[in-house]
Amino acid sequence: MHGSGAMRLKYKVALVTGAGRGLGHAIAGQFAREGAHVFCCDVDESAAWACAEQILAEGGSAAAIAIDVADRAAIPAMAAQALAEQGQVDIVCNNAGVLDDFRPAADTDDALWDRVLAINLTAPFLISRAFIPSMLENGGGTFVNLASMAGLIAQAGGTAYTVSKHGVIGLTRQISADYGQRGIRANAICPGSIDTAMSRDFLKDAPEVQAIVDSVPAGRMGRPEEIAELATYLASDSSGFIHGAAMVIDGGWTIR
Ligand SMILES: NC(=O)c1ccc[n+]([C@@H]2O[C@H](COP(=O)([O-])OP(=O)(O)OC[C@H]3O[C@@H](n4cnc5c(N)ncnc54)[C@H](O)[C@@H]3O)[C@@H](O)[C@H]2O)c1
C-alpha cells in the first residue's frame, strides 16, 4: 500500500478524533495510505482499535487511543500519550461530533446543549490548545476541523449543533490568525449530507430532508472518501496557502 507514487503525508504524524466510524474512519485510513502514522481516537474503544488494526493490516502505521473528548481531563493525557509515543503530532483532525436531534432553542435543554457544545466545540478548542505548543516547537502543524454547512447557515441542524459548528469555524479562523505566521495552519471542512451512520440515523425519520438531499445539484449524498480526500489535501503541504478557510463540500446544497 505504501509502495507507489508520492505520498502526501509521508513522515507526518496525525491524530483523528471520532475515527471509529464514518468520516473519521475514512480520514484516518486515507491519512495512513498517504504515509502518516495515525492515532485513531474514539470514545468507542473497540472501534478505535478496529480502525488502527485495519490500517496496520493494509501495511500502514497506526495506534488507537480510547477517549471521550467531552472529558476535559482526558485531553491533555491524550496529547501527552501521542507526543510520548511519536515525539511529534503534525496533523490534528478534530472530527468527533454529535447531532442535536434538530431541536430549536426552546426545546434544547441544558443537558443537550452542554453535551453538544462539549463534544463539538469545547473539545476541538482543548485539543488545539494541547497540541499548539509542541507544533510551535516543531516548526508548525495543521488542524483540519470538521465543521458543517450548519457552521455557515441555519436550519442544517438544531440550535446547539448550529452554534457549535459556527464556533468551530470561528476557532479555526482565530487559530489561523494567531499562529499562521509561526507555521500552524487551521482549516475547516463544511460537509453537506454525507452517507454515514450519523446522517442515516437522522434521515430515516426525516423524509422531508431526504427530499432536499435528493434535489441538490450533485443529486446524491456525499461519500466519506470525498471528505477524506479534502481532509488529506488540507493536511498536506499542497494546501500551504490555505489558512483559516471554511471549505464547503456539499454537492451544491448551500448555493440555492
Ligand atoms: N455525516 C454528515 O452528513 C456530516 C455533515 C456535516 C458535518 N459532519 C460532521 O462530521 C463529523 C463526523 O460525522 P460522522 O457522520 O462521521 O459521524 P458518526 O456519528 O458516523 O461518527 C462519529 C464518531 O465520533 C465518535 N464520537 C462521538 N462522540 C465522541 C466523544 N465524546 N469522544 C470521542 N469520540 C466520539 C463516535 O463514536 C463515532 O465513531 C462530525 O463532527 C459531524 O458533525 C457530518
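## The cavity and helix α4

Helix α4 contributes the most to the lining of the largest cavity, with four residues. Helices (H or I, at least four residues) and strands (E, at least two) are DSSP runs, numbered from the N terminus. The model is predicted: local features need pLDDT of at least 70, side-chain atom pairs count only at pLDDT 80 or more, and totals for chains, interfaces and linings use all residues. Residues are numbered from 1 along each chain as its sequence is written, and side-chain values use heavy atoms, with hydrogens and water left out.

A search of the whole structure finds one cavity of 30 Å³ or more. Its space is about 30 Å³. On a 1 Å grid over the protein atoms alone, a cavity is a set of points where a 1.4 Å probe fits but cannot get out; a pocket is an open set with protein on both sides within 12 Å along at least five of seven lines; lining residues have an atom within 4 Å of a point. Grid points are joined across faces, edges and corners, and a volume is the space filled by probe spheres set on the points. Residues lining the cavity include Thr-17, Val-69, Asn-94 and Asn-95. The lining has six nonpolar, three polar and no charged residues. Here Ala, Val, Leu, Ile, Met, Phe, Trp, Tyr, Cys and Pro count as nonpolar, Asp, Glu, Lys and Arg as charged, and the others, Gly among them, as polar.

## The largest pocket

The largest pocket holds about 1200 Å³ of space. It is lined by 45 residues, and Gly-97, Val-98, Leu-99, Tyr-161 and Met-198 are the closest to its centre. Helix α6 (197–203) is one of the elements that supply at least two lining residues each. With five residues, α6 gives the most. By class, the lining has 24 nonpolar, 13 polar and eight charged residues.

## The second largest pocket

This pocket has a volume of about 200 Å³. Among its 17 lining residues, Lys-12, Gly-140, Gly-141, Thr-142 and Asp-237 are the closest to the centre. Strands β5 (141–146) and β6 (184–191) each supply at least two lining residues. The lining has three nonpolar, ten polar and four charged residues.

## The ligand

The ligand is surrounded by 28 residues, each with a heavy atom within 4 Å of it. Arg-21, Asp-42, Asn-95, Tyr-161 and Thr-196 are the closest.

Polar contacts are pairs of N or O atoms within 3.5 Å; within protein, one must be able to donate a hydrogen and the other to accept it, and residues adjacent in sequence count only if both atoms are side-chain atoms. A polar side-chain atom of Thr-196 is 2.5 Å from a ligand oxygen atom. A polar backbone atom of Asn-95 lies 2.7 Å from an oxygen atom of the ligand. For Ile-67, a polar backbone atom is 3.4 Å from a ligand nitrogen atom.

## The aromatic pair and its loop

The structure holds one aromatic pair. Phe-102 and Phe-202 are stacked, 4.0 Å centre to centre with 10° between the planes. Rings of Phe, Tyr and Trp (its six-membered ring) pair if their centres lie within 6.5 Å; planes under 30 degrees apart count as stacked, over 60 as edge-to-face and the rest as tilted. The partners are 100 residues apart: Phe-102 in the loop between β4 (91–94) and α4, Phe-202 in helix α6.

Phe-202 is buried at 19% relative accessible area, while Phe-102 is partly exposed at 28%. Buried means under 20%, exposed over 50%, partly exposed in between (1.4 Å probe, protein chains only). Asp-101 lies in the loop between β4 and α4 and is exposed at 57%. Asp-101 has a positive phi of about 60°, and Phe-102 one of about 55°.
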